[in-house]
Amino acid sequence: MKNMTRFFSRPAAVIMTFGLAYMSAAASRTEEAAATTFAYKPRIQRSLNAGLGVAPDDVRRDSPRETVMGFIDACRAGRYETAAHYLDLGDLPVADQRATGARLARRFKFVLDQKLWIDPDDINDDPQGRKDDGLDADYDRIGTIALTGGEQDIRVQRRLLPDGEMRAWVFSRSVVRSIDSLYGVYGIGWLGDRLPSWTTRVRLWEFEIWQLFALLMIAALAYFAAGVVAYMITVFVRRAARRTRVGWDDDLSLQLPRPLRFLLWILLINVAAMSLRLSEPASNAVAVLLRSGMLAAFGLFAHRAVSVLARHAETDIAGKHKDERKRKAMATQISVLRRIAGGFVIFIMAAVILAQFRVVRSVGLSLLASAGLAGVVLGFAAQRSVANLFAGIQIMLTQPIRIGDVVVVEGEWGSIEEITFTHVIVKIWDLRRLVLPISYFLERPFQNWTRASTDLLGTIYFYADHTVDIDAMRAELDRILAATDLWDGKAKGVVVTDVKERVVEVRALISAADSGRHWDLRCLVREKLLDWLQREGKYLPTFRLTMRDDASRIRLERE
């Protein structure tokens, strides 16, 4: 029996404990609900906010503007009990006016910051009120805030002070009755009532300090979450790209992670920032920055996509066109078009991003309005830039140079490595780079060894004795060319181009398929023919001197 008593007594104790805890929690919730939403009972009260006591000396309510701005200043300073003096709390019991009035002032300021940004110049400063607004002389409308099923007028009302002679402007009772409803729609719930007063008093521009801390936390968490989601999406896209037969989508998927992560980061911050209920200026500033970030992410991906597609176009052309001349021409056009498209994307994105800011829009409209003088000034300022742009387009169309062309400029031999809007980079044979303005190739002469075709003729000059055997030298050249694959088989020859007092000038002619082979073949022929002359010996240049006298005849030969 005792065991049964113990068995039942323990659960009973547990149940009683939970019951008491539940009743205590229910009671606390009931008290909180009563504090949160007060059941207003209209009553006649002869004095104005008697439960608040005498208003501080700095409470000025002589005009609608003084009332509204005084309320906002008091709330920003964290003096919510003082701010309650600007509300008509006549529907509240006198004993509750001090505590409930401070809470209502705090909530009302929170709603005003979001939905009704007030310009002091737009508020009437006449103690008699505005007479042209269609309202009673004792009422002035400050604005309206949307609520479910309609709109709530935000009004101030002129009321008698307890002395019966002075009048003060306060927010009307209808506004005070709607504060809890407005806060339920636009507030942040229990958090707004429990934040320490210093978190709303300390501000950076239009951001309260707690909102800045929350934004930083949201940004950090959103960056981590965006990285995870972007990784999952990228893995899926790459797997899908591998199943296709084309290769450009694989490279494009490699450019996706960073822009995608940045875009998702911006979207997550945007969604989470809505819960902070920022003031209208702060919300607009955050929205502009987030929109600019989204546009930057799209622009970054578009710029990378242009580069990827252009690179694959060059690869496809290299595989389809075996003619090196046509391949170089197409590569040059694609290179210039890629830079034009990339520059266009950057320009459009920069213009759209800057257009988010009112200052830039105002400057742009002013420039358009004064397009006469401003156009002339901008024309002179951008003359070189525009000239380089058109020079690049002209080079793309006429193609005096192409990527890979072998040229001789400024006494240097090299090949065209890169063509941009502003300059051309020439890769010199010793790996130096010669950078020239793009207009150079339209204004000054230069040599292009591969303009029409890549095959070249090369000459090698020798100076030999008058007794040199030209036929034997031709035969040696034939043997040299037959033994190498550098010669393209198109042209060869050995001819005497000049006869001088002591030597003859012999020119060997060869041909090669491109400039690289041309250089190597010239060096090879020069070395081999020099070796042949040295082996023959007698064909090297010889200096002859003959001296005669009466006794004998001496012939002196000296090399």
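This is a predicted model: local features need pLDDT of at least 70, side-chain atom pairs count only at pLDDT 80 or more; totals for chains, interfaces and linings use all residues.
Local features need pLDDT of at least 70 and side-chain atom pairs count only at pLDDT 80 or more, while totals for chains, interfaces and linings use all residues. Residues are numbered from 1 along each chain as its sequence is written, and side-chain values use heavy atoms, with hydrogens and water left out.

**Helix α18**
- Helix α18 runs over residues 515–536, helices being DSSP runs of H or I with at least four residues, numbered from the N terminus.
- Buried residues here (under 20% relative accessible area, 1.4 Å probe, protein chains only) are Ser515, His518, Leu521, Arg522, Val525, Leu529, Trp532 and Leu533.
- Looking down the axis of α18, those buried residues fall within an arc of 110 degrees, so they line one face; the arc uses directions from the helix axis to the C-beta atoms.
- Trp519, Glu527 and Arg535 are exposed (over 50%) on the face turned away from the buried side.

**Surface patch**
- Phe224, Val228, Val229, Tyr231, Met232 and Ile233 make a nonpolar surface patch of about 620 Å².
- Val229 belongs to helix α8, residues 209–242, and is partly exposed (between the two cut-offs) at 37% relative accessibility.

**Cysteines**
- Searching the whole structure turns up zero disulfides, meaning pairs of cysteine sulfur atoms within 2.5 Å.
- Cys75 is buried at 2% relative accessible area, whereas Cys523 is partly exposed at 24%.

Notes. Patches are made of residues with over 30% relative accessible area and no salt bridge: like charges are joined within 9 Å, nonpolar side chains (Val, Leu, Ile, Met, Phe, Trp, Tyr) within 5 Å. Accessible areas come from the Shrake-Rupley method with a 1.4 Å probe; for residues, only the protein chains shown count as cover. A salt bridge is a side-chain nitrogen of Lys or Arg within 4 Å of a carboxyl oxygen of Asp or Glu. Helices (H or I, at least four residues) and strands (E, at least two) are DSSP runs, numbered from the N terminus. The expected span of a helix is 1.5 Å times one less than its number of residues.
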